[in-house]
Amino acid sequence: MIPSDHFVRFYNEVFKFLDEKNDLEAYYLHISRHQEFHCLELFRDKGVAGIYEYYLKIRKEENCDMEMELKEHEFSFFMRKCPSLSKAIDNDAGVCPKYCLHCSGWLLPLLTKAGLYVIYDMMAPDDPRCRMRIFDDLEVAKEAQKDLTGFSDAIRCNF
């Protein structure tokens with residue numbers, strides 16, 4: 001098995017290459033379609049509880065420093081220090097400016113297919129932190145979006 005330090009650095013270089021070819025978004029969508037086999041049924045059947053279940057595993061497997069909360073109609077997390085981006089940043093080859101988009105690039109289309117609504121804050125492409133709030137009710141998502149921005153249009157990706 002490839003150590004995660006090596007894998008992340010390889011992934012980072014692949015992202016740079018694909019970005020130069022303007023193929024990075026297509027790659028993320030390709031990954032998203034593959035993730036459907038692993039996650040879509042769980043997310044559709046269990047909604048935000050299924051996402052919580054998924055991220056319990058991810059937090060442990062990837063050694064994530066993150067807070068998670070499951071409430072009625074909402075799952076949220078705050079990634080205090082993303083281990084993946086942290087490893088990509090700690091690299092003499094330099095981090096791909098769009099490295100952080102790999103999570104949202106595969107996850108947001110999948111959540112949309114599961115009928116869920118997302119508010120995502122990447123914070124900055126060189127800051128290994130992000131926040132995500134996922135809702136199973138459009139009106140609850142609109143209220144949360146309005147609280148954040150003053151606008152009631154909940155973010156929903158359509159890929």
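**Close-up views of a predicted model**

The structure holds 0 disulfides. This model is predicted, and each legend below describes one part of it.

View 1. A disulfide requires two cysteine sulfur atoms within 2.5 Å. For Cys-39, the closest cysteine sulfur belongs to Cys-103 and lies 12 Å away, which is too far for a bond. Cys-39 has 1% relative accessibility and therefore counts as buried. For Cys-103, the closest cysteine sulfur is that of Cys-82, at 5.9 Å, also too far for a bond. Cys-103 is partly exposed, because its relative accessibility is 34%.

**View 2. Helix H1 and its surroundings.** Helix H1 covers residues 4–20. The buried residues of H1 are Val-8, Tyr-11, Asn-12, Phe-15, Lys-16 and Leu-18. Their cover includes H2, helix H4 (83–89) and helix H5 (101–113). Just after H1, Asn-22 adopts a positive phi of about 60°.

**View 3. The packing of H1 against H2.** Two packed helices are described by the angle between their axes and the distance between the axes. Helix H1 and helix H2 (residues 24–46) pack at an angle of about 125°, and their axes are 8 Å apart. The two helices, H1 and H2, are therefore oblique to each other. On the H1 side, Tyr-11, Phe-15, Leu-18 and Asp-19 meet Leu-24, Tyr-27 and Tyr-28 of H2. The residues of this contact comprise 6 nonpolar, no polar and 1 charged.

Conventions
Residues numbered from 1 in each chain as written. Predicted model: local features only at pLDDT ≥ 70, side-chain atom pairs only at ≥ 80, totals over all residues. Heavy atoms only, no water. Axes fitted to C-alpha atoms, helices over the stretch in contact; angles between N-to-C directions. Helix = DSSP H or I, 4+ residues; strand = E, 2+ residues; numbered from the N terminus. Parallel < 35°, antiparallel > 145°, perpendicular 65-115°, else oblique. Contact = heavy atoms within 4.5 Å. Nonpolar A, V, L, I, M, F, W, Y, C, P; charged D, E, K, R; others polar. Buried < 20%, exposed > 50% of the residue type's maximum accessible area, 1.4 Å probe, protein only.
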